[in-house]
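Here is a short briefing to read alongside the structure.

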Amino acid sequence: MGMYGSKPRKQAQVLILGLDGSGKTTLLYKLKYNQSVVTVPTVGFNVEMLETDRSSPGLTVWDVGGQKKMRPHWRHHYSDTAGLIFVVDSWDEKRLEEARKELHRILRYESLRGVPLVILANKQDLLGALSPEALCLKLDLRRVCEGRAWFIQPCSGTTGMGLEEGFRRMIYLMKTPLRQTQEDIKFKMRSKGFSFTAMKKVMLCGR
Ligand code: G3D
Ligand code: MG
């Protein structure tokens with residue numbers, strides 16, 4: 001994400017959550033500095049400001065430690081959160097159930113009601129990584145995200161693939177009321193000649 005001028009602009013707080021080891025810190029620093037960093041388990045949090053285009057608020061991104069003992073602290077960040085990013089290790093099927101439970105638990109918080117969600121299906125560079133469609137089913141996203149603007153984005157914190165797209169989608173969801181985003185997607189799909197069934201599939205996994 002580039003730099004656009006120096007005038008102070010509105011900032012929106014985005015929270016990155018996910019299990020320890022899912023790649024939160026790696027992808028944040030890849031996005032911010034285009035650098036691969038050697039990470040250690042995050043104790044406390046990392047916070048970075050990301051510049052966006054002039055028409056969007058700048059993003060203050062909080063990467064909060066994901067180890068079990070840190071998770072009770074996540075909720076202290078919920079009240080000012082304008083957007084939520086949940087990172088999943090798409091390769092580690094063994095921990096998907098744990099990730100599902102954490103995600104569902106987070107989404108039950110009243111203070112996060114209606115807050116848009118982007119799921120980053122990370123580690124897509126690894127052979128055997130689950131597709132966004134498979135994760136969508138395993139994490140039961142359609143049900144748990146009902147009434148919320150959401151999107152699942154494949155990415156890799158190591159190569160940088162999909163990261164900008166994921167954050168751009170976050171900005172889009174934050175700026176656009178839910179009904180409007182649904183209509184936009186339907187319109188785009190129709191104009192590309194997709195059938196109703198294909199459209200339903202995308203709405204199911206790509207919102
Ligand atoms: P966390 O902040 O969510 O706890 P980290 O996770 O960013 O510390 O990353 C945990 C491990 O996953 C790190 O490896 C990191 O290099 C690796 N990782 C993060 N993103 C990706 C990715 O997209 N692809 C691959 N292949 N690996 C990734 P180590 O070995 O240091 O534990
Ligand atoms: Mg970390």
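In the residue classes used here, Ala, Val, Leu, Ile, Met, Phe, Trp, Tyr, Cys and Pro count as nonpolar, Asp, Glu, Lys and Arg as charged, and the others, Gly among them, as polar. With those classes, the shell around ligand 1 has ten polar, four charged and two nonpolar residues. Please keep in mind that this is a predicted model.

**Around ligand 1**

- There are 16 residues around ligand 1, and those that come nearest are Gly 21, Lys 24, Thr 26, Thr 39 and Asp 125.
- Helix H1 gives the largest share of this shell, with three residues.

**Backbone contacts to ligand oxygens**

- For Gly 157, a polar backbone atom sits 2.8 Å from an oxygen atom of ligand 1.
- Gly 23 has a backbone N or O atom 2.9 Å from an oxygen atom of the ligand.
- At Ser 22, the distance from a backbone N or O atom to an oxygen atom of ligand 1 is 3.3 Å.
- On its own, ligand 1 has 660 Å² of accessible area, and the protein covers 70% of that.

**Helix H1 against helix H5**

- Helix H1 spans residues 24-33 and helix H5 spans residues 163-175; they pack at an angle of about 90 degrees, with axes 10 Å apart.
- Angles of 65 to 115 degrees count as roughly perpendicular, so H1 and H5 are roughly perpendicular to each other.
- On the H1 side, Leu 27, Lys 30 and Leu 31 make the contact, while H5 brings Leu 163, Glu 164 and Phe 167.
- Sorted by class, this contact of H1 with H5 has four nonpolar residues, two charged ones and no polar ones.

Definitions and conventions: Residues are numbered from 1 along each chain as its sequence is written. Chains are lettered from A and ligands numbered from 1 in the order in which they are written. This is a predicted model: local features need pLDDT of at least 70, side-chain atom pairs count only at pLDDT 80 or more; totals for chains, interfaces and linings use all residues. Side-chain values use heavy atoms; hydrogens and water are left out. Axes are lines fitted to C-alpha atoms, for helices over the stretch in contact, and angles run from 0 to 180 degrees between N-to-C directions. Helices (H or I, at least four residues) and strands (E, at least two) are DSSP runs, numbered from the N terminus. Angles under 35 degrees count as roughly parallel, over 145 as roughly antiparallel, 65 to 115 as roughly perpendicular and the rest as oblique. Contact means heavy atoms within 4.5 Å. A residue is near a molecule or strand if one of its heavy atoms lies within 4 Å of it. A polar contact is a pair of N or O atoms within 3.5 Å; within protein, one must be able to donate a hydrogen and the other to accept it, and residues adjacent in sequence count only if both atoms are side-chain atoms. Accessible areas come from the Shrake-Rupley method with a 1.4 Å probe; for residues, only the protein chains shown count as cover.
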